[in-house]
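Please keep the sequence and the model in view.

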Amino acid sequence: MLKSFVKLLSAAAVAVPVALGAASVAHAEGERFVFVSHAPDTDSWWNVIKNALKNAAADTKTSVEYRNPATGDIADMARIIEQAAATNPAGIITTIADFDVLQSAIEGAIAKGIPVVTVNSGTAEESKKLGAMMHIGQPEYDAGKGAGERAKAAGVTKFLCVNHYITNVASVERCRGYADALGVELGDQMIDSTQDPTQVYNKVKAYLTTHPDTNGILALGPNSAEPTIKLLRDTGETSKYNFITFDLSADISAGIKDGIVNAAIDQQPYLQGYLPVVFLTQYVRYGVMPANNVNTGPGFVTKDNISLVEKLAGEYR
Amino acid sequence: MADREAVLTAIRDERLKRQSTLRRLMAMPELGAIAGAILVFLFFGVTAGGTGMFAADGVLNWVTVAGQLTIIATGAALLMIGGEFDLSVGSMIGFAGMMIAIPTVYFGVPIELSVLFAFVGALAIGFLNGLIVVRTRLPSFIVTLASLYILRGMTIALSILFANRTIVSGVRNFADGTWVQALFAGKAFSGLFVWLAETGVIATLPNGDPAVKGIPAVVLWAAGLALIGHVVLSRTRLGNWIFASGGDANAARNVGVPVGRVKIGLFMTTAFCATVYATCQVMEFGSAAADRGLLKEFEAIIAAVIGGCLLTGGYGSVVGAVFGALIFGVVQMGILFTGAPNDWFLVFLGLMLLTAVLFNNVVRRRVTGER
C-alpha cells in the first residue's frame with residue numbers, strides 16, 4: 001500500500017513538471033517575460049494583476065511567469081529576481097518593494113542586457129536610478145495625501161490607519177500622506193493589523209473602543225478594509241466614520257453602496273500588469289517604448305461611479 | 001568468515017565489534033541526504049537543463065540560497081543532535097539585523113561596534129534560552145516558541161520606537177569600504193572569475209564583466225561553519241558530549257558529561273549562526289527589516305531532518321544537514337527554473353521534499369538493514 005503510494009507520488013512529481021515543460025515549449029514562438037512581486041501568497045489583491053498578465057500574454061502571444069516570495073520576505077525576492085535573470089527572459093517586470101535590498105539584483109539583470117520595467121511599489125526616481133526603462137504605478141504618498149484631503153473636507157480630525165503590511169515602506173508613506181493632509185502627527189494612529197482577518201477585526205475594534213474620538217479610518221487594502229467593514233456592520237456604526245480605503249474588492253464595493261465606505265482609492269492594478277507586458281513586447285519586437293512613466297492612480301471610486309466598477313471587482317478592477 | 005571474525009574479536013577486546021569500511025560508510029546518517037541530493041540534481045538536470053539553471057549565474061543563485069540555509073542548518077543540526085529545538089532562529093535573524101542597523105544609522109555607532117554588539121546580544125539571548133530550558137526542564141519547543149514571538153515583537157516595537165519605521169535602510173552609507181562589509185558581503189576569488197570569463201568558461205556581460213563576480217562571503221561562511229561544526233561533532237570530546245546529551249541526558253550526566261553547559265552552548269551556537277546569517281544579509285542588502293527571517297527556523301530544522309537528524313536527538317550529522325540545505329535550496333530555486341506555474345509552487349516544493357525524504361529514508365534502511 002505504502003509502496004504503491006510512494007510510486008504514485010514520485011510518478012506525479014516527475015510527470016507534472018515534464019508536462020509543464022512540454023506546454024511551455026508549445027508557446028515557444030512568443031517571448032518569455034517574468035513578473036516578480038513582493039506580495040506574500042496570502043495577499044488576494046494580486047489576483048487582478050495575475051488576470052491582467054494572463055490577458056496580456058494572450059493578446060501579445062507571449063508567455064508571462066508570475067513569481068513572488070511565499071512569506072513576503074524582500075530578501076527572498078532579491079534571490080527570485082537573480083534567478084529570473086539567470087533564465088535569460090526577454091524582459092523582467094518587478095516591484096521596488098525595498099530599493100536597497102533589490103538594487104543589486106535589478107541592476108544585475110539590467111547589466112545582463114535584460115530590459116526591466118518597474119511597477120506598483122517604488123517611485124519614479126528609484127526606477128530611474130536603477131536604470132529601468134519606466135515605472136508604472138501610483139505615487140503612494142500623493143495617493144495618501146489625496147485621501148487625507150477628502151477626509152479633511154469631511155471634517156476628520158482624529159483617524160486610524162489600518163496597516164496590514166507594515167513592513168513595506170510604501171504602506172507607511174500612505175498613512176503619512178493622509179496625516180500630513182490633515183495637518184496632524186501620524187503618531188500611534190497607525191496600527192500593525194497583520195493579515196489575519198480575525199486579528200484585524202479585533203485590533204481595530206480595540207483601537208476604536210479605546211479611542212472614541214476617532215472619526216476617520218484609512219485602510220490600506222482589502223486585507224485591512226474587509227474585516228473593518230464587517231466590524232462596522234456588526235456594531236452598527238456604519239456612518240460614524242469617514243472611511244477611505246485603498247484598492248477594491250467585492251466587499252469594499254458593497255461597503256461603498258451601503259454608505260459604510262466613503263471612497264476607495266483605485267490604483268487600477270490591471271494596468272500595472274497589462275501595460276508592462278505590452279510595452280516590453282513592443283520594445284523587444286520593434287524597439288519602441290514610451291518616454292514617460294505611467295501613473296495608473298489615484299482614481300477615487302465613490303457611490304457615484306460604483307455600479308460600473310462593481311461588476312468587475314476582484315477580477316479586473 | 002564469521003568464525004574467524006569472532007575469534008579475532010575475542011582475542012582483541014570483546015567489547016569491540018569489527019565492521020567493514022563499506023558497511024561503516026553506508027551507516028553514515030548523511031548517506032540518505034547525499035542520495036536525495038543526487039536524485040534532485042538528476043530531476044532538475046532533465047526538467048530545467050536548458051534554462052540557465054546550470055549556467056554560472058544560475059549556479060550562483062541556488063548555491064547562495066543553499067549557503068544561507070547551511071549557516072542556520074548547521075546550528076540547528078548540532079542543537080537537534082544535542083536533543084533540543086530552537087524555534088527562535090528566524091526571529092533572531094530579524095532582531096540581530098536591527099541590532100546592527102539601528103545603532104549604526106540612528107546613534108552614530110561605528111558599524112564594527114554595532115556588529116560586535118549584535119553578536120554579543122545574540123549570544124546573551126541564546127544563553128538565556130538555554131538557561132531557561134536547562135533550569136526549568138520545560139520542552140525547548142515551548143521556551144523558544146516564546147522567544148520566537150518576543151524577539152519578533154521586539155524587532156517591530158523597537159524599530160518603530162527608535163526609527164519610526166520597520167525597514168531601516170541606509171546601512172550601506174556607513175558600511176561601504178569597512179572590513180566588516182568585506183568580511184560578510186565581499187566576493188572572493190574575483191580574479192579567478194575574470195580569468196574564467198576571459199577564457200570563455202563562464203559567460204560575460206555586455207559591459208565585459210564576468211557573469212559571476214566572485215564567490216559571495218555568505219557561501220564561504222557556510223562552508224567554514226559547516227566544517228568547524230563537522231570537526232567538533234565528529235572529532236572532539238565536545239562532539240561526544242553533544243551526542244550523549246541528546247541520546248540520554250540522565251545517562252550522560254551520570255558519566256560526568258556537563259549536559260547543562262553543553263545545551264546552553266548549543267543554544268548560543270544557533271543564535272550565533274542566526275546572527276552570521278543576519279549580518280551577511282544586512283551587509284549585502286544595506287538594510288534591516290522587521291520581517292526578515294520569517295519561517296527560517298522551520299527551513300533550518302527541515303534541512304537538518306532531511307540530512308538525517310532525528311527529531312528525538314542523539315543522532316545526525318553536520319554533513320547531512322549541509323546536504324539537506326543543498327536539497328532545500330536547489331528544490332526551492334529549481335522549481336522556478338522549470339517555469340512551473342507560481343500558484344502551484346508550494347505544492348511542488350512539498351512534493352519534491354517528500355519525495356527526497358522518502359527516497360533518503362528508503363536508501364538508508366536498505367543499506368543499514370534497519371527496520
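Which residue of E11(A) does Ile136(A) stand opposite? Ile136(A) stands opposite Val294(A). The model is predicted: local features need pLDDT of at least 70, side-chain atom pairs count only at pLDDT 80 or more, and totals for chains, interfaces and linings use all residues. Residues are numbered from 1 along each chain as its sequence is written, while chains are lettered from A and ligands numbered from 1 in the order in which they are written.

**The sheet of chain A**

Strand E5 (residues 135-137) of chain A pairs with E11(A) in the parallel sense, over two bridges. Strands are DSSP runs of E with at least two residues, helices are runs of H or I with at least four, and both are numbered from the N terminus. Two strands pair if DSSP finds at least two bridges between them. E5 and E11 belong to an open sheet of six strands in chain A, with the order E2-E1-E3-E4-E5-E11 and parallel pairing. E2 (63-67) and E11 (294-295) of chain A stand at the edges with a single partner strand each, so one side of each has no neighbour in the sheet.

**Chain A overall**

Chain A has 12 helices and 12 strands. Its radius of gyration is 21 Å, close to the 20 Å from the globule rule for 317 residues, so chain A is as compact as a globular protein of that length. The radius is taken over C-alpha atoms, and the rule is 2.2 Å times the number of residues to the power 0.38. Of the 317 residues, 53% count as buried (20 or more other C-beta atoms within 10 Å of the residue's own, with C-beta atoms placed from the backbone).

UniProt, in an unreviewed entry, lists residues 33-284 of chain A as "domain: Periplasmic binding protein"; its annotations may be inferred rather than shown by experiment. That stretch is 50% helix and 17% strand.

**Where the chains meet**

In all, 41 residues of chain B are in contact with 40 residues of chain A (C-beta atoms, placed from the backbone, within 7 Å). These helices of chain B each supply at least two residues to the side that touches chain A:

| Helix of chain B | Residues |
|---|---|
| H4(B) | residues 56-81 |
| H14(B) | residues 259-285 |
| H16(B) | residues 318-338 |
| H17(B) | residues 345-368 |

H17(B) gives the most, with six residues.

**Helix H5 of chain B**

H5(B) is mostly covered, with 16 of its 18 residues buried. Gly108(B), with a positive phi near 65 degrees, follows H5(B).

Note on methods
A residue is buried if 20 or more other C-beta atoms lie within 10 Å of its own, exposed if 12 or fewer, and partly exposed in between; C-beta atoms are placed from the backbone. Two residues are in contact if their C-beta atoms, placed from the backbone, lie within 7 Å.
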